[in-house]
Amino acid sequence: MSRDLGLRRLRGLDRGVLIAACVTALSLTASGCVVVHGEREVLPATTRAEAAEALREFTAAYNAADKAYDSSLDADHTTGALAAIDAARLKAGRVNNPRGNPGHAPLKLTDARFTIPKKAGWPRWFLADAAGNKGGDVRWLLVFTRDGLDETWEAAYLTLVAPDDLPEFRTDRDGWAEAVPADAGDLAVPPGELSEEYTAYLKDGGDAFAEGPHTSAWRTLREKKSTRPGLATQYIDEPVTNGDYAPLALRTEDGGALVFFTTRHFEKQTAAAGASVPTPNKSVLALTTGEIRQSLTMEFVSNEVALAPAEGEVEILGRIQGLTSAKGE
């Protein structure tokens with residue numbers, strides 16, 4: 001019996017029947033049986049039809065917000081890292097184009113596939129994997145989450161990944177996936193520690209992560225920028241793991257996990273005496289407070305998707321980063 005059908009049938013019972021049912025449940029509990037609570041029962045996070053509707057609603061809201069440069073239009077459909085990145089992007093766009101986005105082109109997501117884990121408790125969540133009309137030949141990965149049955153599904157993570165990089169997920173005979181807990185000890189790096197491990201790697205290097213554009217190549221780029229004549233660039237990286245920014249992971253067929261996680265990054269540019277910081281673009285200026293005289297500190301939020309194996313190096317498959325604020329001094 002589906003949850004909704006069960007609730008409708010319960011509502012149709014009279015008070016006497018409901019009292020009798022409660023007495024029976026108490027009797028069963030006293031005799032050693034267990035009463036199943038919705039928040040503790042292991043259930044699929046949603047139906048595939050509802051997941052498809054959540055993706056449609058998100059896309060419509062995202063397009064409306066992008067067209068008007070108005071973050072209020074998709075605020076109810078985003079959360080976590082994606083909400084922080086998207087709201088700042090729309091704010092900057094609004095400052096520079098008060099009448100809306102002159103280059104708006106609607107996002108279209110097709111060939112959507114849904115990976116829905118079975119789990120107990122909240123939040124419940126699922127992964128949407130779709131082809132998009134932007135970004136070239138990549139798959140758009142969106143993780144939707146919610147904290148209750150009456151709440152709207154919100155997209156917490158958005159990353160773009162090459163189709164060949166997507167892993168096979170472990171599923172049961174009904175096709176439901178397996179959520180991996182944050183403290184899983186059977187992975188090279190538990191999902192709950194990935195944000196901290198990644199920010200530590202960006203600072204000091206190490207062997208926890210495989211080489212690639214979001215690891216070794218990014219560290220090399222930072223080193224080059226930090227040694228420019230007349231301009232010192234400093235970096236601070238912070239893990240973000242709580243609340244709506246919590247990591248979410250799915251078990252892969254090989255025993256590893258596909259993990260979505262968040263980090264925060266600060267980049268401070270300081271000009272030498274007699275020099276000035278390069279003038280930032282309009283989008284940066286729209287999010288900047290203070291006067292840029294000798295230095296500019298920019299704050300970014302980044303959401304990553306990684307393959308964490310049972311043993312070996314973690315591979316960062318994709319990363320989307322957005323400026324959220326800046327301060328001139």
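Two rings of Phe, Tyr or Trp count as an aromatic pair if their centres lie within 6.5 Å. This tour of a predicted model begins with such pairs, of which the structure holds 9.

Select Phe114 and Phe126. Their ring centres are 6.2 Å apart and their planes meet at 65°, so the pair is edge-to-face; the cut-off for that label is over 60 degrees. Phe114 belongs to strand β2 (residues 109–115) and Phe126 to strand β4, so the pair links distant parts of the chain, 12 residues apart. Phe126 has 0% relative accessibility and counts as buried.

Next, select Tyr198 and Phe261. This pair is also edge-to-face, with 5.8 Å from centre to centre and 85° between the planes. Tyr198 sits in helix α5 (residues 194–204) and Phe261 in strand β10 (residues 257–271), 63 residues apart. Are these two residues buried or exposed? Both Tyr198 and Phe261 are buried.

Now show the largest nonpolar core, which has 21 residues. Phe58, Leu109, Phe126, Leu142 and Phe144 touch the most other members. Helix α3 (48–68) and strands β4 (124–132), β5 (139–146) and β6 (154–161) each supply at least two residues of this core. The most come from α3, which gives 5. Select Leu142 to see its contacts, including Leu55, Leu82, Ala155 and Tyr157. Another core of 19 residues lies apart from this one, and Trp125 and Ala177 are among them.

Finish with two arginines. Arg48 lies over the face of Trp176, 4.4 Å from the ring centre. Arg124 lies over the face of Trp122, at 4.7 Å.

Terms used:
Residues are numbered from 1 along each chain as its sequence is written. This is a predicted model: local features need pLDDT of at least 70, side-chain atom pairs count only at pLDDT 80 or more; totals for chains, interfaces and linings use all residues. Side-chain values use heavy atoms; hydrogens and water are left out. A nonpolar core is a set of buried Ala, Val, Leu, Ile, Met, Phe, Trp, Tyr and Cys residues joined through side-chain atoms within 4.5 Å. Buried means under 20% relative accessible area, exposed over 50%, partly exposed in between (1.4 Å probe, protein chains only). Helices (H or I, at least four residues) and strands (E, at least two) are DSSP runs, numbered from the N terminus. Contact means heavy atoms within 4.5 Å. Rings of Phe, Tyr and Trp (its six-membered ring) pair if their centres lie within 6.5 Å; planes under 30 degrees apart count as stacked, over 60 as edge-to-face and the rest as tilted. A charge sits over a ring if NZ of Lys or CZ of Arg is within 6 Å of the ring centre and within 35 degrees of the ring normal. Lists of a residue's contacts leave out its neighbours within four places in sequence.
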